[in-house]
Amino acid sequence: MAEKILLKGNEVMVEAALAAGCRFFAGYPITPQNEVPEYMSYRMPESGGVFIQAESEIAAINMMFGASAAGVRCMTSSSSPGISLKQEGISYIAAGELPCVIANIQRGGPGLGNIRAAQGDYFQAVKGGGHGDYRLIVIAPGTCQEMYDLTMKAFDYADLYRNPVLILGDGILGQMAEPVERNEYVPLCEMPEKDYVLDGCKGREPRVIKTLKLESNQALIDHNIHLQAKYAKIEEELCLLEEYRTDDAEVVVTAYGIAGRIAKGAVNMARDKGLKVGLLRPMTLWPFPEAAFERLADKVRKFLVVEMSCGQYIEDVRLATKCSKVVEFLGMGGGWYPTPENILEKIEAVY
Amino acid sequence: MSFTKSSVLKDQATHYCPGCGHGIAHRIVAEVIEELDIREKVIATAPVGCAVLLYDYFNCDIIECAHGRSPAAATAIKRVRPENIVFTYQGDGDLAAIGMAETIHTANRGENITVIFINNAIYGMTGGQMAPTTLIGQKSTTSPAGRDANNEGPPIRICELLSSLDGVTYLERVSVSSAKDVIRAKKAVKKAFTNQIEGKGYSLVEILSMCPTDWKLSPKHSVDFVNKEMKEAFPLGVFKDLTSS
Ligand SMILES: Cc1ncc(C[n+]2csc(CCOP(=O)(O)OP(=O)(O)O)c2C)c(N)n1
Ligand code: SF4
């Protein structure tokens, strides 16, 4: 069995990143993700990599642009306001098809908000956030173990698809400590050769990484067509989710991240009371697990969305189920989080 | 300066306006790279500004960065690949307005990179708006009555500003407005690259440069504008040199 470590979610993420070969980190302090740069500041040099406390989130994301172009596995992390600042850079990284991993340990918003856990950045994460037609692969761990395992995968997805990957966590997940099995890093498959890396043009033609496409009116359209084809391929190939007690379920509770984990407790409590309730917890938010929702929509009576925001994730649930079934809602923004009892009460009310 | 084109520049006509200083600055940088025999080690950053198409002209690895963010990208590239020679090429809007934070912090960290800073006192690419280096009284499309120190503040002198930072190794302001100036400019650029090769730290060369189009002056009058008015507001010289002691 793998060695066990007891660390906060934020620190677990660092350990996983280093295990996956991340050798460049830049970030700027913001609660509740401060453990990431703090822990990185000594663990990264120990691993032979580069740690930089950037002057801002903007600088940090543009350091990703450079580090990734230089060929190294790289990562930045922040929390909601800082992720907003990074958006221009994320758009450039997506346009330049540079792999990198970005973590958002979400806090309450909008504005400076508060430092409690929240899920108010769902739209920003899965619908864009920056300018232009691009997609991030968005991963939502619900436990510290998943934080470990999925962070390692995030680096593989980034390299495999040459695309930025966002880990969408929250303040609870970042701050809570749980024992985690330090599973060995095994690449998902053979990683593609990095034939775009800038390392000086010795013995080859010079390489250019650019996002300006002025060659013709068609140039940027062609680039968009290329990106869309890539996104379609990712949608075909990538889907992670947990489905729990849905076989005979009449009501399916659906939530992601820490809300999904709390909802699982509520599902068990409902089952104990004889209610036929299941859980669908996506671990990839983009691509969205549409097929699973379509399949369940055929057989259940209702869905209940639980999210720590005023209603963002629910829009994708409605889209994926084509509004064929009632979608109930339990959620609030600003740092609210549900207890299993809250969710059970809602289940009983809508069942 | 020789008139045969450096092999570091591609055999391609540039898009710069007649009398523009960017072309001369390109030549200087290219010749220095050739003389130091580092082309195959160079990773350059292109700015957002008139020089964004740098990658069409220079025969080396290039990354085009977001407006003002070259220093951050260059920092990362150099840290990941210390054996490579990394330079940024930035206009005054890119370096001294939107990218000022990155400029100051990259300088202060003493990143071992070379910064080529083109000060033409205007936003060229976007059509002649006021730059942080626009002179007092100078007209631009966003300061039509002329820059007023009471309203827009006086022009920012980057070499003087950065000279207070302990992390900085070498700062020099030069010009490309006369043959003599070009020779001096090339010496400064060569030193800035040599410093990096020798691991001496952050070097920045500020080049006063002509923008006839957005100054709405002839190429000849643009040269006069640099020689008379710009050099007065931005005195030439070495502002810091830790390598001379
Ligand atoms: C975030 C962002 N803001 C604004 C612009 C528009 N823009 C492009 S170039 C430029 C100014 C360029 O001026 P300068 O850096 O002085 O270079 P020059 O063109 O004079 O060489 C601006 C404002 C942009 N591309 N991106
Ligand atoms: S607008 Fe000015 S800076 Fe830009 S190419 Fe023309 S002369 Fe040069």
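1. The shell around ligand 2 divides into six nonpolar, four polar and one charged residues (nonpolar covers Ala, Val, Leu, Ile, Met, Phe, Trp, Tyr, Cys and Pro; charged covers Asp, Glu, Lys and Arg; the others, Gly among them, are polar). Among its members are Y16(B), C17(B), C20(B), H22(B) and D214(B), each counted if its C-beta atom, placed from the backbone, lies within 6 Å of the molecule. Helix α9 (residues 212–215) of chain B supplies the largest share, three residues.

2. A quick word on the basis: this is a predicted model, where local features need pLDDT of at least 70 and side-chain atom pairs pLDDT 80 or more, while totals for chains, interfaces and linings use all residues. Residues are numbered from 1 along each chain as its sequence is written, with chains lettered from A and ligands numbered from 1 in the order written.

3. Over in chain A, you'll find 13 helices and 16 strands (DSSP runs: H or I of at least four residues for helices, E of at least two for strands, numbered from the N terminus). The C-alpha atoms of chain A fill a box of roughly 70 × 45 × 40 Å along the principal axes.

4. Now look at helices α1 (residues 9–19) and α7 (residues 144–161) of chain A: they pack at about 30 degrees, with axes 8 Å apart (axes are lines fitted to C-alpha atoms over the stretch in contact, and angles run from 0 to 180 degrees between N-to-C directions). That makes α1(A) roughly parallel to α7(A), a label for angles under 35 degrees.

Key:
Angles under 35 degrees count as roughly parallel, over 145 as roughly antiparallel, 65 to 115 as roughly perpendicular and the rest as oblique.
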